Amino acid sequence: MLTTHKISADFFDDSFGLIAIHSNLEDYALAYGINFNCSLYLKRMENDLHLDGSFFFSVFDWEDEINDVYWTLISNTCTIEETVPSDGLFGGTSSFRTNHLVKERKEIDYFLKVDGADEIALQEKVKAINKISKVVTAYPLETHTLKSKRNLIF
C-alpha cells in the first residue's frame with residue numbers, strides 16, 4: 001500500500017519582510033547596487049530557484065551572522081526561449097515566454113526577502129535602494145496579501 005505524506009502549513013515560516021523593487025537593471029547589477037548602497041554582501045547562489053521544470057529564477061543571498069539577518073534577492077521574472085515546431089513559413093522560429101514567481105504581482109521585477117530584520121532596518125534599506133540609479137521605486141510589501149508567497153519560501 002502506498003502512503004502519501006503531506007507537509008502541513010504549520011511547518012512553513014512565512015514571517016519575513018519583503019521589499020518590492022521595480023527596476024530594469026540586470027540581476028547582477030542590482031545586487032551590486034544593493035551591496036554598495038545598503039552595505040550588504042549579496043552573492044549569487046550556486047543553484048537558481050527552480051520551478052515547474054523549466055523556470056529558473058536568479059537568487060542572491062547573504063547571511064548577516066552578526067545581526068542574525070538573512071537577505072535574499074530574488075528575480076520575479078524568468079524568460080525562456082521556445083522553438084516553434086513547424087514545416088511551414090514560420091518553422092524553426094523562436095518565441096519568448098515570460099513567467100513570474102509571484103503571479104499576482106507581475107509588475108514587480110525583484111523581491112528582497114529579509115528574515116529577522118526589524119521594521120526600522122527594513123525602512124532604512126528601502127531608502128537606500130531608492131537611491132540606486134535605474135531603480136524606479138522600492139517599497140515594503142505586506143506578505144499576507146500575496147496568494148503565492150509560498151514560492152518565496154525555500
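The following legends describe close-up views of a predicted model of one protein chain.

**Figure 1. Overview of the chain and its secondary structure.** The protein chain contains two helices and ten strands. Read from the N terminus, the order of elements is β-α-β-β-β-β-β-β-β-β-α-β. Buried residues make up 39% of the 154 residues in the protein chain. Of the contacts between residues at least 6 apart in sequence, 63% join residues at least 24 apart. The protein chain has an accessible surface of about 10000 Å², and carbon and sulfur atoms account for 52% of that surface.

**Figure 2. The six-stranded open sheet.** Strands in this sheet follow the order β2-β5-β6-β9-β1-β10, and their pairing is antiparallel. Strands β2 (43-44) and β10 form the edges, each pairing on one side only. Within the sheet, the antiparallel strands β1 and β9 are joined by five bridges.

Figure 3. Helix α1 lies across β1, β2, β5, β6, β9 and β10. The direction of α1 is at about 150° to β6. Helix α2 also packs on the sheet, where it touches β1, β6, β9 and β10. Between the directions of α2 and β10 the angle is about 175°.

Figure 4. When neighbours within four places in sequence are left aside, the contacts of I34 are I21, S39, L40, L42, L73, I129 and I132.

**Figure 5. The aromatic pair Y32 and F36 on helix α1.** The whole structure holds two aromatic pairs. In the pair shown here, the rings of Y32 and F36 are stacked, with a distance of 6.4 Å centre to centre and 15° between the planes. Both residues belong to helix α1 and are four residues apart, about one turn of the helix. Y32 counts as exposed because its relative accessibility is 59%. F36 likewise counts as exposed, at 63% relative accessibility.

**Figure 6. The aromatic pair Y41 and W62.** The rings of Y41 and W62 are arranged edge-to-face, 5.3 Å centre to centre and with 70° between the planes. This pair links distant parts of the chain, as Y41 is in the loop between α1 and β2 while W62 is in strand β5, 21 residues apart. Y41 is exposed, its relative accessible area being 56%. W62 has 19% relative accessibility and therefore counts as buried, the cut-off being under 20%.

Figure 7. E82 is located in strand β7 (residues 77-83). With a relative accessibility of 30%, E82 counts as partly exposed. Beyond neighbours within four places in sequence, E82 has contacts with T93, S94, S95 and R97. For one of these, S95, the C-alpha atom is 5.3 Å from that of E82, although the two residues are 13 residues apart along the chain.

How values were computed. Residues numbered from 1 in each chain as written. Predicted model: local features only at pLDDT ≥ 70, side-chain atom pairs only at ≥ 80, totals over all residues. Heavy atoms only, no water. Buried < 20%, exposed > 50% of the residue type's maximum accessible area, 1.4 Å probe, protein only. Contact = heavy atoms within 4.5 Å. Areas by Shrake-Rupley, 256 points an atom, 1.4 Å probe, with all protein chains shown as cover. Pairing = 2+ DSSP bridges. Axes fitted to C-alpha atoms, helices over the stretch in contact; angles between N-to-C directions. Phe/Tyr/Trp six-rings, centres within 6.5 Å; stacked < 30°, edge-to-face > 60°.
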